[in-house]
Amino acid sequence: MFRYTLMRLGVFAGCFVVVWGLTYSGVVPRGLGDSNIMWVVLLSLVISAPISFVVLRKERDRASVTVVQRVDRMKANLEANRSQEDETVDAAQAQGQAQGQAS
C-alpha cells in the first residue's frame, strides 16, 4: 500500500510540474490574484486522478489483494480468540456445576 501511495504521489508531482509549466508559459490561464498555486494544485489533482486510475491499475490490484489477506487473517484470529474464550467459559461453567453437584 505504501508503494502504491508513493506512486500516486509521483504521478501527482509530475502533473503538478507540467501544469505549473503550462500555466507559467501562458498555455493554461492563471488563477485570479494570489490563487494561482491553488489553481495549479486543483488542476493537477483533476488530471492525475484518471491517469493514476489507468496507469496504476496493477499496483492497486496488488495492494487490494494484500489488504484482503490482512483482513481475512485478522478475522481468523478474532474467531480463534472468540472460540478460545467460549471454551474457557464453558469449562469454568462445567467445573462450577460439578462442584455444585458434589456438595
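I take a residue as buried under 20% relative accessible area, as exposed over 50% and as partly exposed in between, with a 1.4 Å probe and protein chains only. By that scale I read R3 as exposed, since its relative accessible area is 52%.

Before going on I noted that this is a predicted model, in which local features need pLDDT of at least 70 and side-chain atom pairs count only at pLDDT 80 or more, while totals for chains, interfaces and linings use all residues. Residues are numbered from 1 along each chain as its sequence is written, and side-chain values use heavy atoms, with hydrogens and water left out.

**Overall fold.** I counted three helices and zero strands in the chain, taking helices as DSSP runs of H or I with at least four residues and strands as runs of E with at least two, numbered from the N terminus. The order from the N terminus is α-α-α. Of the 103 residues, 15% are buried. I also looked at contacts (heavy atoms within 4.5 Å): among those between residues at least 6 apart in sequence, 62% join residues at least 24 apart.

**Salt bridges.** I searched the whole structure for a side-chain nitrogen of Lys or Arg within 4 Å of a carboxyl oxygen of Asp or Glu, and found two salt bridges. One joins R3 to E59, with the closest N and O atoms 3.7 Å apart; this pair links distant parts of the chain, as R3 lies in helix α1 (residues 2-25) and E59 in helix α3 (residues 57-102), 56 residues apart. The other joins R62 to E59, with the closest N and O atoms 2.8 Å apart, and here I noted that the two residues, three apart in helix α3, are separated by about one helical turn. I therefore recorded R3, E59 and R62 as a network of salt bridges.

**Helix α2.** I then followed α2 (residues 36-55), whose 20 residues reach 28 Å from first C-alpha to last, close to the expected 28 Å, which is 1.5 Å times one less than the number of residues. I found a kink of about 25 degrees at S48, shortly before the proline P50; the bend is the angle between axes fitted to the seven residues ending there and the seven starting there. The buried residues of α2 are N36, V40, S44, S48 and S52, while I51 in this helix is partly exposed, with a relative accessible area of 36%.
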